[in-house]
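Let's walk through this protein together, one step at a time. Keep the sequence and the 3D view side by side as you read.

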Amino acid sequence: MDEYDKIGKVFIQQEAEATQVYTGTDSVGKRALVRVIIRSRLDAMLAELRETMVYKAPPELGDLWGRYEKMWKQIVIEQDEAHKRETARLQIDAARRRRAARIRQEYVTWFGAILFVVVWLLSVLLLLRDSLTYRLLLSYVY
């Protein structure tokens, strides 16, 4: 059962990656073949497990396969809901991080603009103070 779960996780991961842009070197045919092989291994393992539970289980366990299948479906549904909640939480966190980064960028832009204006104003005042016109005006005043 643990091996079935490991292979199942690999299959689920490959299906999730199939919805994203692929940048690797494997061809589409090779990736399709790998997914078909994994799917057939999962089906074979499930058939073997079912056969073991139905025909080789002690009679006192009763309908072991039926109870197992029902519990398995319940766990899959619960995990699917948990996965949806986790995905939604991750999306909300990513949106918050993007918003915070955008706000930081806006603050940096405003800080840069204000700094530029202050530096420009100070340099204009400094140039004005050092100019000949300002010195001539000062000589008339004093």
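The protein has an average pLDDT of 87, and 98% of its residues score at least 70; pLDDT is the predictor's confidence in each residue, from 0 to 100. Confidence is highest in helix α3 (residues 64-130), at a mean of 93, and lowest in helix α4 (residues 132-141), at 74. Helices here are DSSP runs (H or I, at least four residues), numbered from the N terminus. This is a predicted model, in which local features need pLDDT of at least 70 and side-chain atom pairs count only at pLDDT 80 or more, while totals for chains, interfaces and linings use all residues. Residues are numbered from 1 along each chain as its sequence is written, and side-chain values use heavy atoms, leaving out hydrogens and water.

Start with α2, which has 28 residues. From its first C-alpha to its last, α2 reaches 40 Å, close to the 40 Å expected at 1.5 Å a residue. The expected span is 1.5 Å times one less than the number of residues in the helix.

How do α2 and α3 pack? Their axes (lines fitted to C-alpha atoms over the stretch in contact) lie 8 Å apart, at an angle of about 135°. Angles run from 0 to 180 degrees between N-to-C directions. The two helices are therefore oblique to each other; angles under 35 degrees count as roughly parallel, over 145 as roughly antiparallel, 65 to 115 as roughly perpendicular and the rest as oblique.

Where they meet, α2 brings Leu46, Leu49, Arg50, Met53 and Val54, and α3 brings Leu64, Trp65, Tyr68 and Trp72. Contact means heavy atoms within 4.5 Å. By class, this contact has eight nonpolar residues, one charged residue and no polar ones. Nonpolar covers Ala, Val, Leu, Ile, Met, Phe, Trp, Tyr, Cys and Pro; charged covers Asp, Glu, Lys and Arg; the others, Gly among them, are polar.

Which residues of α2 are buried? They are Ile38, Leu42, Leu46, Leu49 and Met53, where buried means under 20% relative accessible area, exposed over 50% and partly exposed in between (1.4 Å probe, protein chains only). Their cover includes α1 (2-17) and α3. In α3, the buried residues are Trp65, Tyr68 and Ala94, and they pack against α2.

Finally, look at Val54 in α2. Val54 is partly exposed, because its relative accessible area is 44%.
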